[in-house]
Amino acid sequence: MRGAVLALCVGLAACATPPAPDAPLPSPVVDLSLRAAPGEAWRVVYERDLAVSENGATSRSDTVETYRVDVLEPGLWRWTFENAGSQGWTRQISAIECSVNANGRCLEVRNWDALRRDLVLTASAREGDRHADALEQILTSITAEDAGAFALEGVSILGRIQGLRLRLGETVRFNANQPNPLGGDPTPMSGEVRLVSIDAATQTARLIFRQEMTDEEGGAAVRAAMLRMLSSQPGADPLSLEEAARLVDGLLGRIDSRWMEDGEATVDLATGRVLEARSTIAGRLRATGGRQELDTSMQGDVVLRQVLLTSGS
């Protein structure tokens with residue numbers, strides 16, 4: 001209430017007293033809502049250079065993935081994997097069709113049944129029937145909405161920053177109890193987004209962002225996801241949540257999972273589309289006190305670029 005009264009007083013004062021000729025103009029508001037029309041298409045290039053340590057064994061992963069995004073109709077996009085097959089058998093699926101929100105976040109994988117069938121058939125051909133049966137049990141417990149929550153989570157910066165309205169110099173902060181403008185659900189994140197500059201010549205805006213997840217918050221999210229998966233397995237006698245909890249807690253004990261991302265993005269003011277985003281990421285997952293000790297960490301750099309495609313390309 002005090003804030004509303006203050007705002008009203010400021011507004012009345014502004015009406016009563018004309019601004020001085022040299023008074024600075026208010027900071028411009030930048031609308032980062034995505035504006036995409038049916039028939040539009042663009043290419044996403046996603047580069048990762050990561051160092052991964054699993055229980056003391058360190059490896060390096062340097063990958064480049066490309067996708068084509070087509071707006072089929074309002075609220076329906078198709079992501080096509082242009083380098084399908086280059087990242088192993090799980091990349092044999094060629095396209096994902098997503099029901100999306102206004103800013104391109106996948107809400108439901110529309111062709112989930114067909115994708116799930118293709119994955120199981122490919123696993124059977126590559127890894128054998130036993131592996132395929134286990135995979136089918138896991139995938140059967142995942143709904144099209146669940147798949148949408150995770151679909152292209154790593155590359156879909158569409159929806160992570162887009163949708164915000166920011167003044168130049170303004171910082172938007174969020175925590176685990178608020179909607180996360182950087183996406184990242186279903187994991188609880190805290191962080192901030194700041195609009196740092198506007199380039200009138202190129203009609204672009206530059207933002208910086210950071211988000212993090214504590215060991216306790218991340219561990220709770222990982223444990224909850226495991227319980228959901230175990231208690232929703234198909235079969236005549238699925239595990240109850242209590243049985244799943246005893247299984248997970250006995251096997252892994254205490255689960256900690258932390259995450260940090262720190263980066264910047266360039267946004268096209270005409271369309272609201274993120275043209276390029278660069279970030280440094282780091283995470284660690286540990287399980288202690290159970291029958292299986294686990295300590296996995298990851299850190300490195302991620303670059304995402306999006307290029308609008310001309311008609312017919």
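Which exposed residues does the face of α6 turned away from its buried side carry? In this predicted model, the residues in question are E242 and R246.

Helix α6 covers residues 241-252 and lies across two strands, β11 (253-268) and β12 (274-289). Relative to β11, the helix runs at about 90°. Its length agrees with expectation, because 12 residues at 1.5 Å a residue should span 16 Å and the end C-alpha atoms of α6 are 16 Å apart. The buried residues of this helix are A244, A245, V248 and L252. Seen down the helix axis, these residues fall within an arc of 100°, so they line one face of α6. Their packing partners are α5 (215-231), β11 and β12. E242 and R246, by contrast, are exposed on the face turned away from that buried side. Just after the helix comes G253, whose phi is positive at about 70°.

The chain contains six helices and 13 strands. It has 313 residues, of which 36% count as buried. Among contacts in the chain with a separation of 6 or more, 59% are made by residues 24 or more positions apart.

The sheet comes next. An open sheet is built from 11 strands, arranged in the order β6-β5-β4-β3-β2-β13-β12-β11-β10-β9-β8, with antiparallel pairing. The edges are taken by β6 (106-109) and β8 (171-174); each has a single partner strand, so one side of each is left without a neighbour in the sheet. From one strand to the next, the twist averages 20°. Strands of a sheet pair through backbone hydrogen bonds, in either a parallel or an antiparallel manner.

Several of these pairings can be followed residue by residue. Strand β2 (residues 41-54) runs antiparallel to β3, and 14 bridges join the two. Within this pairing, R48 has T63 of β3 as its bridge partner. β2 and β3 form a hairpin with two residues between them, and N55 in the turn has a positive phi of about 50°. β2 also pairs in the antiparallel sense with β13 (residues 294-308), this time over 13 bridges. Here the bridge partner of E47 is V303 in β13. Further along the sheet, β4 (residues 76-81) and β5 (residues 95-100) run antiparallel and are joined by five bridges. One of the residues involved is T80, whose bridge partner in β5 is A95.

Which residues does D70 contact, leaving aside its neighbours within four places in sequence? The contacts are with E40, A41, L76, W77 and R78.

How many disulfides does a search of the whole structure find? The search finds one. The disulfide is formed by C98 and C106, with their sulfur atoms 2.2 Å apart. The torsion about the S-S bond is about -85°, so this disulfide is left-handed. Both cysteines are buried: C98 has a relative accessible area of 0%, and C106 has one of 11%. A disulfide is a covalent bond between the sulfur atoms of two cysteines.

With 16 residues, α2 reaches 21 Å from its first C-alpha to its last, close to the 22 Å expected at 1.5 Å a residue. The buried residues of α2 are W112, L115, R116, L119, V120, T122 and A123. These cover an arc of only 165° around the axis, which puts them on the same side of the helix. On the other side of α2, L121 and A125 are exposed. Just after this helix, G128 takes a positive phi of about 105°.

How values were computed: Residues numbered from 1 in each chain as written. Predicted model: local features only at pLDDT ≥ 70, side-chain atom pairs only at ≥ 80, totals over all residues. Heavy atoms only, no water. Disulfide = S-S within 2.5 Å. Buried < 20%, exposed > 50% of the residue type's maximum accessible area, 1.4 Å probe, protein only. Pairing = 2+ DSSP bridges. Helix = DSSP H or I, 4+ residues; strand = E, 2+ residues; numbered from the N terminus. Axes fitted to C-alpha atoms, helices over the stretch in contact; angles between N-to-C directions. Contact = heavy atoms within 4.5 Å. Expected span 1.5 Å × (residues − 1). Arc of directions from axis to C-beta.
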